[in-house]
Amino acid sequence: EQMFTLLAVCLTLYPMRIDESVHSQLREKCGEKMIRMQKGDLQAFEDSFSFSCPKFLSPVAPNYEAPPANYHKEAFMAQLKVFIDEVQQQIALPVVRSYLKLYTTMPVPKLAGFLDMTEEEFRTHLLCFKHKMSNVTSSKGTGGLDGEFQSASEVDFFIDKDMVHIADTKVARRYGDFFIRQIHKFEEMKRSFGELQTKS
């Protein structure tokens, strides 16, 4: 349950394609939470993090002469504050992403107007989107950090003067895998029905 909740948080902040069976289980268990988080509900993020995060320990011994009332929660509260600060930075990114998916080129002032932002705010959100959706991808070598920064988002863009140029980098779905999984499920169901008929 905790693992699915953390996965829901991750996919809300950093959407990407996952295995179909995992995705269906995730929708079943955390669908409502994900919808609340996608709408920008900070309380949903806080509740999900509080439920599913690991236990945090403070590396510093408490002042035994005058310990604070909730000393055991200090490390957790510090991590929660960092997490919520990160979420607040990214809260507008799903809306920005949805607008970028609609167009191939668009003037910055027009897109900013759609989002009821100033041009400066919108440029800040675009840079935040570009930064947060980049990962170090290892192309050679054995070290995990030996690669280059690459965007893992479905949408990539660049800004030329006051024009945003958008490229859709979405990878086509592999329909073959989906159909093969469904065939295996139906064969298994057929086998189990056959066993039930032979028993009766």
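With which residue does D162 form a salt bridge, and how far apart are the closest N and O atoms? The partner of D162 is R123, and the closest N and O atoms of this salt bridge are 2.6 Å apart. A salt bridge here is a side-chain nitrogen of Lys or Arg within 4 Å of a carboxyl oxygen of Asp or Glu. The model is predicted, so local features need pLDDT of at least 70 and side-chain atom pairs count only at pLDDT 80 or more, while totals for chains, interfaces and linings use all residues. Residues are numbered from 1 along each chain as its sequence is written, and side-chain values use heavy atoms, with hydrogens and water left out.

**Salt bridges**

- The whole structure holds three salt bridges.
- Helices (H or I, at least four residues) and strands (E, at least two) are DSSP runs, numbered from the N terminus.
- D162 is partly exposed at 41% relative accessible area, and R123 is partly exposed at 22%. Buried means under 20% relative accessible area, exposed over 50%, and partly exposed in between (1.4 Å probe, protein chains only).
- K81 pairs with D85 at 3.2 Å between the closest N and O atoms; both residues lie in helix 4, four residues apart, about one turn of the helix.
- K81 is exposed, with 52% relative accessibility, whereas D85 is partly exposed at 32%.
- R36 and D41 join through their side chains at 3.1 Å, N to O.

**Nonpolar cores**

- The largest nonpolar core has 20 residues, and L100, F122, L126, F157 and V164 have the most contacts inside it. Such a core is a set of buried Ala, Val, Leu, Ile, Met, Phe, Trp, Tyr and Cys residues joined through side-chain atoms within 4.5 Å.
- Two or more residues of this core come from each of helix 5 (93-102), helix 6 (108-114), helix 7 (119-132), strand 4 (155-160) and strand 5 (163-168). Helix 7 gives the most, with four residues.
- Beyond its neighbours within four places in sequence, L126 is in contact (heavy atoms within 4.5 Å) with V96, L100, F157, I159 and V164.
- Another core, of 17 residues, lies apart from it and includes F4, L13, C30 and F83.

**Helix 4 (residues 74-90)**

- The buried residues of helix 4 are A75, L80, F83, I84, V87 and Q90. They fall within an arc of 160 degrees seen down the axis, so they line one face of the helix; the arc is that of the directions from the helix axis to the C-beta atoms.
- These buried residues pack against helix 1 (2-13), helix 3 (42-52), helix 5 and helix 7.
- K81 and V82 are exposed residues on the face of helix 4 turned away from its buried side.

**Helix 3**

- A44, F45, S48, F49 and S52 are buried in helix 3. They cover an arc of only 130 degrees around the axis, which puts them on the same side of helix 3.
- Helix 1, helix 2 (20-38) and helix 4 are among the elements that cover these residues.
- D41 caps the N-terminal end of helix 3, with a side-chain oxygen 3.1 Å from the backbone nitrogen of Q43.

**A112**

- A112 lies in helix 6 and is buried, with a relative accessible area of 1%.
- Not counting residues up to four places away in sequence, A112 touches M117, T118, E119 and F122.

Conventions: A polar contact is a pair of N or O atoms within 3.5 Å; within protein, one must be able to donate a hydrogen and the other to accept it, and residues adjacent in sequence count only if both atoms are side-chain atoms.
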